Amino acid sequence: MKALIFDSSSIITLALNDLLFILKPLKNAFGGEFYVTDSVKHELIDRSLQIKRFKLEALMIKKLIDEGTLKIKKDSKIEKETKTILSVANNTFEVDGEGMKVIHEGEASCLSLYNFLPTEKKAIVMDERTTRMLCEAPENLHKLIEKKNHRKIKANKLNYPFFKRFKILRSSELVYLAYKTGIISLPIKSSEAIDALLYALKYKGCAISHDEINEAKNL
Amino acid sequence: MGILEKEDEKKNILDILRNVKKALKTEDIILIKEMSNRTIHSASLYKDPDSVAIAVTIYALSKIIERKKYEQYREWPSFFTRITKDIDTALINLEKNQFKEFRDALHDIRKAANQLSGHLKIYIQEVFRKASINKASRLYEHGVSMEETAALLDITTWELAEYVGMTGISDVDLSITMPIKERINFAKKLFEI
């Protein structure tokens with residue numbers, strides 16, 4: 001079984017760009033499951049339905065859940081592991097002897113679910129950069145926090161390996177594949193279409209840089 | 001331990017409030033903006049409600065005094081007098097370690113905005129909402145995750161995503177944790193394309 005776990009940030013980027021339609025055909029092409037945790041569903045739907053400005057997007061996401069494109073994973077083991085992950089993550093950096101809170105329950109729940117899926121063919125789809133940095137380059141996150149706060153921050157480097165196992169994609173990689181497999185078609189040459197798509201994602205919150213977009217155009 | 005109980009942080013906040021008081025009197029927009037920028041480090045490091053409230057309030061005040069058009073509204077003089085007094089009260093109470101009264105005074109600034117009427121009320125409330133989103137984006141920039149930041153500032157991840165997309169946060173070199181070619185290849189492998 002293959003699986004992708006979606007954090008709220010990646011679904012939000014797709015929704016704000018009217019690209020949620022790619023998920024169903026992408027899932028068919030993937031041949032596995034697309035999951036969201038209960039905590040992410042709460043952020044994407046329950047909370048957003050209360051806000052008129054994002055109510056339509058929340059309903060469109062709800063439709064994806066109702067029709068089974070996105071499946072909700074909820075169980076007590078995931079919740080318990082989420083707490084453990086939060087505790088490790090939020091004690092990886094310390095200021096004045098206290099742990100710095102860097103991630104929240106929704107993000108931690110994605111890492112938790114990842115741990116419980118019995119397959120090697122899995123990834124978390126996440127557009128926000130902090131959790132990705134914690135997993136892929138915690139030393140970069142440490143440098144960034146020190147640089148931005150203009151002070152030394154203690155890093156508990158023994159925690160770093162805990163996050164190394166998580167594989168992360170962003171909405172940008174999914175949209176890239178959606179374009180390359182014909183799920184998205186645009187009336188312009190390939191490099192310009194990739195440019196248009198990835199910049200649209202970037203401007204709605206996907207943490208992808210100008211340099212990365214330039215590189216992706218030429219792949 | 002809250003930031004108000006940390007001696008260095010308290011000194012920093014007192015200094016910020018004294019400067020804000022001065023800036024309100026002289027309508028010194030540059031000084032108040034400078035003070036607003038100084039609040040974000042504490043909010044980012046400690047994430048306690050006091051540091052976040054201070055950061056949002058001072059940023060909102062900087063925007064409020066910047067916009068001269070508000071002065072034409074009938075309720076402006078009494079609103080401005082009240083918020084100036086609130087800063088004074090907050091300052092005096094923090095000096096005396098009366099934290100509850102300090103928080104009440106800061107809270108009264110928001111309350112004053114909610115008690116306005118007509119267009120001025122809408123404008124000022126919008127300034128506070130935008131101040132929350134702006135400060136949230138600064139916290140995200142400082143290495144706090146999107147959801148953690150949104151929860152702390154009581155805004156939605158949607159609002160934050162839209163705002164940070166317009167900033168250069170994702171262009172910071174340290175954010176690039178894997179070459180995009182490698183990530184795309186990993187995606188292709190997963191999808192067996």
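Visitor: How many residues of chain A are in contact with chain B, and how many of chain B with chain A?
Guide: In this predicted model, 57 residues of chain A are in contact with 39 residues of chain B. A pair counts as in contact if the two C-beta atoms lie within 7 Å.

Visitor: Which helix supplies the largest share of the side of chain A that touches chain B?
Guide: That's H8(A), with 7 residues. Helices H1 (8–16), H2 (23–30), H6 (105–116), H7 (129–136), H8 (138–149), H10 (171–180) and H12 (210–217) of chain A each put in at least two.

Visitor: Over to chain B. Why is Ile29(B) called partly exposed?
Guide: Count its neighbours: Ile29(B) has 14 C-beta neighbours inside 10 Å. Buried takes 20 or more and exposed takes 12 or fewer, with partly exposed in between. A count of 14 falls in that middle band, so Ile29(B) is partly exposed.

Visitor: Where does Ile29(B) sit, and what does it touch?
Guide: You'll find Ile29(B) in helix H2 of chain B, residues 29–46. Leaving out residues up to four places away in sequence, Ile29(B) touches Ser62(B), Ile65(B) and Glu66(B).

Visitor: What separates Ile29(B) from Glu159(B)?
Guide: Along the chain they are 130 residues apart, and their C-alpha atoms are separated by 26 Å.

Visitor: What makes up chain B, helices or strands?
Guide: Helices: chain B has 9 of them and 0 strands. Read from the N terminus, the elements go α-α-α-α-α-α-α-α-α. The C-alpha atoms fill a box of roughly 65 × 40 × 25 Å along the principal axes, and buried residues make up 44% of the 193 residues. Of the contacts in chain B with a separation of 6 or more, 58% link residues 24 or more positions apart.

Visitor: Back in chain A, how do you know that E4(A) and E5(A) pair?
Guide: Pairing needs at least two bridges. Strand E4 (residues 93–95) of chain A is joined to E5(A) by 2 bridges, so the two strands pair, and they run antiparallel. Glu94(A) stands opposite Gly99(A) in E5(A).

Visitor: What is the strand order in that sheet, and which are the edge strands?
Guide: The open sheet of 3 strands in chain A has the order E5-E4-E7, with antiparallel pairing. Strands E5 (98–99) and E7 (154–155) of chain A are the edge strands, because each pairs on one side only.

Notes:
Residues are numbered from 1 along each chain as its sequence is written. Chains are lettered from A and ligands numbered from 1 in the order in which they are written. This is a predicted model: local features need pLDDT of at least 70, side-chain atom pairs count only at pLDDT 80 or more; totals for chains, interfaces and linings use all residues. Helices (H or I, at least four residues) and strands (E, at least two) are DSSP runs, numbered from the N terminus.
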